[in-house]
Amino acid sequence: MTYRESVEPAVTKMKGFLLGLSVAWVLSCASFALSTHAKPMFNEYQPDFLNSLITNDMMAGVAAEQSHGRPTYCDSRYYKVLAGSAQGCNTNKNTRGEGETI
């Protein structure tokens, strides 16, 4: 009597909760695996892409438009270090004197 009245409902709820948690975990693992294998349309730092910009003016125009007038390396910490500094990455146009930001 005591098992059916007080323990069985709790065990049933726990089974349902654990089943739902297991399904959510499997779905999250599957979505993570799919998202890590997704490749971008183009990688702006890939040497093949950079070489194609030399000969393809239309693609170069699209790449320049997407960078909003900033050097491409501003979006990557690695390439920013390779470039030597973050020169040209500050988009704030309000300056006074010798580079002081207002």
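**A walk through the predicted model**

Residues are numbered from 1 along each chain as its sequence is written, and side-chain values use heavy atoms, with hydrogens and water left out.

The secondary structure comprises four helices and two strands, taken as DSSP runs (H or I of at least four residues for helices, E of at least two for strands) and numbered from the N terminus. Along the sequence they follow the pattern α-α-α-α-β-β.

Helix α1 covers residues 2-37, and a kink of about 40 degrees lies in it at Glu8, shortly before Pro9; the bend is the angle between axes fitted to the seven residues ending there and the seven starting there.

Further along, helix α2 (residues 47-55) and helix α3 (residues 57-66) pack at an angle of about 115 degrees, with their axes 6 Å apart, the axes being lines fitted to C-alpha atoms over the stretch in contact and angles running from 0 to 180 degrees between N-to-C directions. Phe49, Ser52, Leu53 and Thr55 of α2 make the contact (heavy atoms within 4.5 Å) with Asp57, Met59, Ala60 and Ala63 of α3.

Key. Predicted model: local features only at pLDDT ≥ 70, side-chain atom pairs only at ≥ 80, totals over all residues. Expected span 1.5 Å × (residues − 1).
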